[in-house]
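Open the model in your viewer and keep the selection tool at hand. The stops below say what to select and what is there.

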Amino acid sequence: MTTEASYGAALTPGADAIERLLADLNPPQRKAVEHGGGPLLVIAGAGSGKTRVLTRRVAYLVATGLAKPSEILAITFTNKAADEMRSRVEELVGGVSRLMWVMTFHSACARILRANAERLGYKRSFTIYDESDSLRMIKRCMADADVDPKRFTPRSVRAQISAAKNQLIDATDFRERQGSFYEEKVADVYELYERRMVAASAMDFDDLLVRTVNLMELFEDVRERYRRQFRWILVDEYQDTNHAQYRLLQLLAGEERNITVVGDDAQSIYSFRSADVRNILEFERDFAGAEVIKLEQNYRSTGTILDAANALIAHNPEQKPKRLWTDAGRGEPLTIAELDDEHAEARYVAGEIERLISDEGYAREEVAVFYRMNAQSRVLEDTLVRYEVPYQVIGGTKFYDRAEIKDAIAYLSLLVNPADAMSFARVVNSPRRGIGQQTQARILSHANTTGEDVWDVMSRPEQVPGLGTAAVKAVSRFAETMAGLRERAEDGSVARILEAVLHETGYIEALEAERTLEAEGRIENLQELVGVAEEFDANRAVEGDQDQTPLEEFLARISLYTDQDTLREDESLITLMTLHNAKGLEFEVVFMIGCEEGLFPHSRSVEEGNLDEERRLCYVGITRARKRLYMTCARRRMIHGAGGWSVPSRFLGEIPSELVDHHDATTRTGWRSARDEVLGGMRSGGGIQPPPRKQPRAPEVAFQVGDDVVHATFGEGVVTGVEPDNVIVVRFRGGQGERKLMADYAPLKKVS
DNA sequence: TAATATTACCTTTTT
DNA sequence: GGTAATATTA
């Protein structure tokens, strides 16, 4: 712990510098930055300058001497957010930012575990399995535990295990809690999976968190060491933390509890990954004496866009009350466009983008298109190519997900971690070496029964029961090749090792022999990977880690890297991404496509009762837009082959009609009745009366002028007008003026 | 064992 | 529309 002296000495230097850090902040932002020690919760609405507050606060802590740079742990959820925070902090405090830990939960955990893995029975050079690796491992475990993959899909089993881990329920606890036959079986797989993962010295993404918690709980010395190191903790997007992450923060916060968390419950969109909004809602209880600061002034969007967002989110019953406001002016109305099908939708979007760029002077990099599912990008991409609109897609099929890249990385993993059974299985017969499933299964089960590393087993194949002479010979050859490569893997250039692997294992040769366009593409991808390795080598020459070999460091880095991080801002491209990926970003112009029931909100979310979360996702999308927002829906859409009729998303109807320009480009009638029903008061007259249908929320009571009402978000008010289509006008207390609400949908109650 | 053909099943969102 | 597991055959 630091002495009193360093606190005192701190306040003298650079009073100017400190004032400059605070100068352009609004009062609540300033208050958050200047908060001293102890827990702090910042409820930061969309676009309210939360990153600015976080980075300034880090700089402030350093500038005032309250914190040494090395005592700061700043946590984000994505690498991209971490990179941005790091560079913004660096601008403020300079090179000392190097000493801080500014990274994702997962990278921080991986780094802690690298230094301590042996205490938990893992090798220091443990391998990190991504989702597909872990799914393969699950499948293998299911086969070995005699669990029928037809009755229990591997994905659902993994999902259950993952959910359990994120709640820190280990295999033993899991078994104790479960009753049904199904859950018993999952418990069998869970136990086996945990054993196999340790045997392979491998961790999945959940393990990174769970094992770090285990480490801190089991070893007081480790816990104390990191508590002393991270005296100041800051967490971004706190609403997305799960229980394991919450526990980790609790363990790290220590007695001083210098923990700052920033988040927005209205932007919690990761409950499917076990994120628990309660973490943010109950922060004040968990960290008693916490100061709470709300940031409600929005610096990003027009008043119209904010009104739309506020009106939409008001349909969610439970949230921390907050009202986003701006003094930026009204701006232009939103556009809701209805098209015939996804092709017409794509043409509309492409045409509008062209128009916005050529007539209204927007730059391509200021435009983004968001969708619910990655699969939706395809049609749009085809159209953009035809319209010659340059674009980039964030997420989706990833470079590191390609088979050849995974193969190459699996080879390297096996060199570094000789216990890595999944990498072995991936690589041993690729390219074909005459080592088929039978042989592989025998080697793996021999490794499992003897407890040896796969590497050692394959090095002495004659000891494996049941192997024929041909198999023994093939395996020996492979083992020799690998042994030769391993000697050289100890040090030196990663790029060189990778090239040696690709050539000496015959991998490239096999691709060349294919003489297909596809194989050529694969070779190009591998060359790109070599390029990545070269870049890594060059950077490492400047700042290397002594504890790890270059190859180990490379693999550790790459396993937590996704191409999320490849978002480019400087090039003139429009950006395509899922709504989930859009969180934390902002664009002048935003298109949200596929706003149809079943797609958005997704039918599965509706079935599982996660409608509120879908609505928050919509809220996130809307609040990304600075100036212009388009929402589109198609009346017909192909979903995996078969086409179907669609109904506009209920979210469109939740946006007050006076904020919207409605653009109808559909060509036939018949569908309109369904649409009019959802869009409600948006247009009047005409059309056939829609068949009666269940309302999302039953109409409560008829409201009359003069009724006192209370609204989930806006608070108390009085009804000042009643309009057709169940629209009522309410004047809320607290100088917010009047709002039009749809009585059937708004979370509004009469008070007597 | 490997290569090909056929079928089933899919799809939410991601560190 | 696409992948991945399975059946079939050389």
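Select Cys 618. This cysteine is buried, at 0% relative accessibility; buried means under 20% relative accessible area, exposed over 50%, and partly exposed in between, with a 1.4 Å probe and protein chains only. Cys 618 takes part in no disulfide, and the nearest cysteine sulfur, that of Cys 595, lies 6.2 Å away. A disulfide here is a pair of cysteine sulfur atoms within 2.5 Å, and the structure holds zero of them. Now select Cys 141, which is also buried, with a relative accessible area of 0%.

A note on conventions: this is a predicted model, in which local features need pLDDT of at least 70 and side-chain atom pairs count only at pLDDT 80 or more, while totals for chains, interfaces and linings use all residues. Residues are numbered from 1 along each chain as its sequence is written, chains are lettered from A and ligands numbered from 1 in the order in which they are written, and side-chain values use heavy atoms, with hydrogens and water left out.

**The whole chain**

Zoom out to chain A. It has 32 helices and 21 strands; these are DSSP runs numbered from the N terminus, helices being H or I with at least four residues and strands E with at least two. Of its 752 residues, 55% count as buried. Among contacts in chain A with a separation of 6 or more, 74% are between residues 24 or more positions apart, a contact being heavy atoms within 4.5 Å. The chain exposes about 33500 Å², and carbon and sulfur atoms supply 48% of that area, as computed by the Shrake-Rupley method with a 1.4 Å probe.

**Strand S12**

Select residues 574-578. Why is strand S12 largely enclosed by the rest of the structure? Five of its five residues are buried, so the rest of the structure largely encloses the strand. Ile 574, Leu 576 and Thr 578 point one way from S12, Thr 575 and Met 577 point the other way, and all are buried.

S10 pairs with S12 in the parallel sense over four bridges; two strands pair if DSSP finds at least two bridges between them. Within that pairing, Ala 368 has Thr 575 as its bridge partner in S12. Strand S11 (residues 391-393) also runs parallel to S12, joined by three bridges, and Gln 392 stands opposite Thr 575.

**Salt bridges**

Side chains of opposite charge can pair when their charged atoms come close. The structure holds 55 salt bridges, each a side-chain nitrogen of Lys or Arg within 4 Å of a carboxyl oxygen of Asp or Glu.

Select Glu 614 and Arg 372. Their side chains meet in a salt bridge at 2.5 Å, N to O. Glu 614 lies in helix H30 (residues 611-622) and Arg 372 in the loop between strand S10 (367-371) and helix H18 (377-386), so the pair ties together parts that are 242 residues apart in sequence. Both Glu 614 and Arg 372 are buried. Then select Lys 50, Asp 236, Glu 237, Asp 240 and Lys 583, which are joined into one network by salt bridges that share partners.

Next, select Asp 144 and Arg 196, a salt bridge whose closest N and O atoms are 2.9 Å apart. Asp 144 is in helix H7 (residues 131-144) and Arg 196 in helix H10 (residues 181-199), so this pair links parts that are 52 residues apart in sequence. Asp 144 is partly exposed at 45% relative accessibility, whereas Arg 196 is buried at 15%.

Move to Arg 285, which forms a salt bridge with Asp 286, the closest N and O atoms being 3.0 Å apart. Is Arg 285 buried or exposed? At 59% relative accessibility, Arg 285 counts as exposed.

**Helix H5**

Select residues 79-93. Helix H5 has 15 residues and reaches 21 Å from its first C-alpha to its last, close to the 21 Å expected at 1.5 Å a residue; the expected span is 1.5 Å times one less than the number of residues. Its buried residues are Asn 79, Lys 80, Ala 82, Met 85 and Val 89. Their cover includes helix H4 (50-63), strand S2 (72-76), strand S3 (101-104), helix H6 (105-116) and helix H28 (579-582). Just after H5, look at Gly 94, which takes a positive phi of about 80°.

**Ser 430**

Finish at Ser 430, in the loop between helix H20 (421-427) and helix H21 (437-450). Ser 430 is buried, with a relative accessible area of 18%. Not counting residues up to four places away in sequence, Ser 430 touches Asp 407, Tyr 411 and Tyr 507.
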